[in-house]
Amino acid sequence: MRVLVIHAHPVAESFNGALHRLVVERLTAKGHEVDDCDLYGEGFNPLLTREERIGYHDIGDNLAPVADYVERVRSAEALVMCYPVWNFGYPAMLKGFFDRVFLPGVSFTMADGKVKPCLHNIAKVAAVTSYGGTWLRATLVGNPPRKSVMRVLRAIVKPAAPFTYLAHYDMNRSTPETREAFMKKVAAAMDSF
Ligand SMILES: Cc1cc2nc3c(=O)[nH]c(=O)nc-3n(C[C@H](O)[C@H](O)[C@H](O)COP(=O)(O)O)c2cc1C
């Protein structure tokens with residue numbers, strides 16, 4: 001499959017940096033055509049400008065500032081995202097990617113004020129992420145990062161597309177063993193992606 005890997009972490013030597021390299025390595029080894037989009041590495045600008053907001057609904061013209069990224073999203077058949085949980089959401093870099101690239105005409109259309117998702121070229125999704133806090137702490141606040149993937153993103157891509165959510169919780173108390181076990185889990189998931 002043509003897999004778009006989107007990575008958002010500013011430190012290459014971080015755990016998420018290691019997860020990103022593992023994801024790309026395993027998918028490539030399995031013969032997938034990987035488009036490795038390292039948002040920090042590519043210097044992606046996550047800020048939606050005044051002009052972009054004003055032209056947000058002008059289908060066609062609205063793509064111009066991020067045309068290359070739109071093309072990469074449109075040519076993907078699957079999506080794998082690798083990022084840490086920050087403030088119980090996506091890092092601003094990744095949120096900004098969605099704000100600027102998942103535009104009307106790209107991820108949804110609007111008819112009579114009604115949103116119709118249309119990112120149907122994406123037929124498979126995996127999220128690889130980590131939380132500082134525990135699963136219980138995340139669950140007690142409704143686990144918004146998980147819902148953003150398993151509910152929000154799920155509603156946008158191809159209907160019934162398989163989703164995988166892999167999270168290392170409790171990174172604040174992680175050990176080499178827990179990190180190693182999670183890396184193994186991610187490797188296995190990418191091997192069978
Ligand atoms: C700006 C920032 C915000 C964070 N917010 C949360 C949070 O809301 N919930 C949580 O469980 N962990 C939070 N964390 C902890 C990160 O999820 C944790 O540091 C990360 O998963 C560790 O992976 P890394 O070493 O690859 O950065 C936050 C960390 C940072 C730097």
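This is a predicted model: local features need pLDDT of at least 70, side-chain atom pairs count only at pLDDT 80 or more; totals for chains, interfaces and linings use all residues.
A residue counts as buried if 20 or more other C-beta atoms lie within 10 Å of its own, the C-beta atoms being placed from the backbone.

**First stop: A76.** Select A76, which is found in the loop between α3 (67-74) and β3 (78-84). Because 24 other C-beta atoms lie within 10 Å, A76 is buried. Next, display the residues that A76 touches, leaving aside those up to four places away in sequence: R2, V3, L4, D35, N121 and I122. A76 and D35 are 41 residues apart in sequence, and their C-alpha atoms are 8.2 Å apart in space.

**Second stop: α1 and α7.** Select residues 15-29, helix α1, together with residues 176-191, helix α7. The two helices pack at an angle of about 30°, and their axes are 9 Å apart. With angles under 35 degrees counting as roughly parallel, α1 and α7 are therefore roughly parallel to each other. Their crossing is right-handed. To view the contact, show the side chains of F15, L19, L22, V23, R26 and L27 on α1, and those of R179, M183, V186, A187, M190 and D191 on α7. Colouring this contact by residue class gives 9 nonpolar, no polar and 3 charged residues.

Note on methods:
Residues are numbered from 1 along each chain as its sequence is written. Helices (H or I, at least four residues) and strands (E, at least two) are DSSP runs, numbered from the N terminus. A residue is buried if 20 or more other C-beta atoms lie within 10 Å of its own, exposed if 12 or fewer, and partly exposed in between; C-beta atoms are placed from the backbone. Two residues are in contact if their C-beta atoms, placed from the backbone, lie within 7 Å. Axes are lines fitted to C-alpha atoms, for helices over the stretch in contact, and angles run from 0 to 180 degrees between N-to-C directions. Angles under 35 degrees count as roughly parallel, over 145 as roughly antiparallel, 65 to 115 as roughly perpendicular and the rest as oblique. A crossing is left-handed if the near helix is turned anticlockwise from the far one by less than a right angle, and right-handed if clockwise. Ala, Val, Leu, Ile, Met, Phe, Trp, Tyr, Cys and Pro count as nonpolar, Asp, Glu, Lys and Arg as charged, and the others, Gly among them, as polar.
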